[in-house]
Amino acid sequence: MATTKTDTVNTQESLQGQFGANTRQRNLWNDAFRRLIRNRLSMIGLIIFIFFLLIAVLGPVIAPYDYRVQNLDRVAEPPGPDHWLGTDDLGRDTMTRIMWGARTAAIVAIIATSMSLLLGIILGSLGAYIGGWMDTFLSRLIDVTLSIPSLLFASLIAATFRKPVADWVDAMYQQTGLSIFATTTYADLIVVFGALAFITWPGYARLIRGQILSLRQKEFVEAAVTVGAKQSRILMKYLIPNALGPIIVALTFSFAGAIVAESSLSFLGVGVQPPQPSWGNMISDNALSWRYRPWLVAAPGLTIAIISLAINFLGDGLNDALNPRTAIK
Amino acid sequence: MVRYILMRIIAFIPTLFVVLFITFFLGYIGPVDPVKIMQQQRRAQGVYMTQEEVATIRHQLGLDRPFLEQFVAYVNNVLHGSFGFSYFDYVPVWPRIQSTLAVSGQLALGALAILIFIGIPLGLLAAKFHNTRIDYMIVGTSLFLYSIPVFVLIPMVLIVLVLWLHVMNVPRGWQGIFTSSFVLAAFLLSLRSLANIIRQTRGGVLEVMQNDYIRTARAKGLRELHVFTRHIMRNSLIPVVTVLGLLVDDLMTNAVFIDLAFNLPGLGRLFSTSLTSRDFNNIYGIVIFTSVLIMVMNLLVDIIYPLLDPRVVYD
């Protein structure tokens, strides 16, 4: 621990020497950032993660083919110069579909985790602030939701709401004629967001409730109250910065969780429906041909594995960087 | 303690009631109308039902009654040990779930054995040699196995074991427990929890080792083995027990994919086939059954805590 301290001080001094005094202040975020970039595995994770987001944004533009177009002359080809990751049983380019799948995965992961975080923040802080019967009720609700098996619950929700949401989207199309309502893709995505948010919110709610309850009793918050700091200042300067670390870490891990969960639902046939590419339905489409055309399963499989591993490494590094007291060295 | 357990078992009732309500509500608003399915099946056989017949069947199944009445009837059935019957082949749900339990139970016990006899020792090993190459290897592998969904891992493992190494045939169906396919299935089933248990054991041991009483134990000349087994192990097992609470959920998630891939007649496959055919009564049955398992497991965890740590006292 002592060596780490001198290290940081040295870096800080040299930086100050370079950029003049007080360009870099020592605060939570700078320290955390330094600790993070020193962790090699998390930096690799971060780079892969950024690459994944870039592909998700740019993939459809830079993809070499159309994800729907079948080339029936070149069905089920192994990886080669024209099709870097081969083609599938219908003659579609695997790499193109993986790039589009990245977009699906990113959309689901971002929206589903945001929805679940929002739900968790609202319900968790409601329980902690109001207390009493509200807290009891919400805690019981969390217990109940956590005692329902997660994958089973998510697929039950997805299976139930698929048709009503599809009908609704269809009705919207009839009424408005907007092109975004013309396909069922958005209905699929809405269903998957809902299902994933519904099984993951209790984790956040419990985390946020615990953070608020424990931080409010800490001496430094009491001290701030004693010297007459305003509510808003206590919230902005003491509560949020201290609660943010664990939440960011949880967010990172559940981002990976959401990508895996989306592909699980698509694998089971209740997630994103073909022809819209998702890594999960790419695996389930080709699951039976693993023996003869292993690359068809290996390509999307390895993609999920690498992305999920990268995000988990990043999460681990963030955990060490943001919560140095709980991290085990 | 007995009082506490009794209270917890009584607390099962409202939780279970809410679980039943949620699943039943999902089914009520869900897209599947059993009478329509029946009509389609009859039509396929060349029999056309009249409006009166449809109304009669609807009445017999109680589907014309209001939501709350239907729900009360369903709860009443569940309390009498019946989850209704499948609307597709009219087989009662509960006997069907029971018929999968032998296979799933054996697999789950296999996975539990792997967790206890491989997971905990690996965690201890990683802690013993922490920040060495052994530690990095164990922790890295476990994080690797934790990150990858099992339906990705299955084909990859099969590619390696069957196509490259030729050590086994493609596992198909249930072949008893002394086979390579059982070992592979149990191992894959345990993976998520295995990674968790290794992490928790390692973390627990490292945290306990920093305590003063460990230094005291060493200072008074206790042999390292005794320090480890008497002082470190017992205290570091507390977080490991917490993993047991997540066990059923993790096993069930993996079982869905493993049963499907290896064609095992277990609970997971019953779930995925029911999901594909939208056989909702089967789905509710499995969801509720697994929820009860999770609740029982959580109760067990809470009973084990005070046995390991006398400071944990329930009033």
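**View 1. The salt bridge between chain B and chain A.** Across the interface of chain B and chain A, the rule finds one salt bridge, a term that stands for a side-chain nitrogen of Lys or Arg within 4 Å of a carboxyl oxygen of Asp or Glu. The partners are the side chains of R199(B) and D316(A), with 3.1 Å from N to O. The model shown here is predicted, so that local features need pLDDT of at least 70 and side-chain atom pairs count only at pLDDT 80 or more, whereas totals for chains, interfaces and linings use all residues. Residues are numbered from 1 along each chain as its sequence is written, chains are lettered from A in the order in which they are written, and side-chain values use heavy atoms, with hydrogens and water left out.

**View 2. The side of chain B that touches chain A.** In this interface, 49 residues of chain B are in contact with 42 residues of chain A, contact being heavy atoms within 4.5 Å. The area buried between the two chains is about 3900 Å², and carbon and sulfur atoms give 79% of this area; buried area is the accessible area (1.4 Å probe) that two parts lose on being put together, summed over both. L26(B), F151(B) and L275(B) supply 14% of the area that chain B buries against chain A, more than any other three residues.

**View 3. Polar contacts and helices at the interface.** Six residue pairs, both residues at pLDDT 80 or more, are in polar contact across the interface of chain B and chain A; a polar contact is a pair of N or O atoms within 3.5 Å, and within protein one must be able to donate a hydrogen and the other to accept it, while residues adjacent in sequence count only if both atoms are side-chain atoms. Among the helices of chain B that each supply at least two residues of the side touching chain A are α1 (2-29), α8 (180-209) and α12 (280-308), where helices are DSSP runs (H or I, at least four residues) numbered from the N terminus. The helix α12(B) gives the most to this side, with nine residues. The residues of this side divide into 35 nonpolar, eleven polar and three charged, with Ala, Val, Leu, Ile, Met, Phe, Trp, Tyr, Cys and Pro counted as nonpolar, Asp, Glu, Lys and Arg as charged, and the others, Gly among them, as polar.

**View 4. An aromatic pair in chain A.** The structure holds 22 aromatic pairs over all chains, and rings of Phe, Tyr and Trp (its six-membered ring) pair if their centres lie within 6.5 Å, with planes under 30 degrees apart counted as stacked, over 60 as edge-to-face and the rest as tilted. F52(A) and W279(A) form a tilted pair, 5.9 Å centre to centre with 50° between the planes. Because F52(A) lies in helix α3 (residues 40-62) of chain A and W279(A) in helix α10 (residues 279-286) of chain A, the pair ties together parts that are 227 residues apart in sequence. F52(A) is buried, with a relative accessible area of 3%, and W279(A) also counts as buried, at 2% relative accessibility; buried means under 20% relative accessible area, exposed over 50%, and partly exposed in between (1.4 Å probe, protein chains only).

**View 5. Two loop residues of chain B.** N131(B), in the loop between α5 (93-128) and α6 of chain B, has a positive phi near 65° and is partly exposed at 40% relative accessibility. N263(B), in the loop between α10 and α11 of chain B, has a positive phi near 55° and is partly exposed, with a relative accessible area of 28%.
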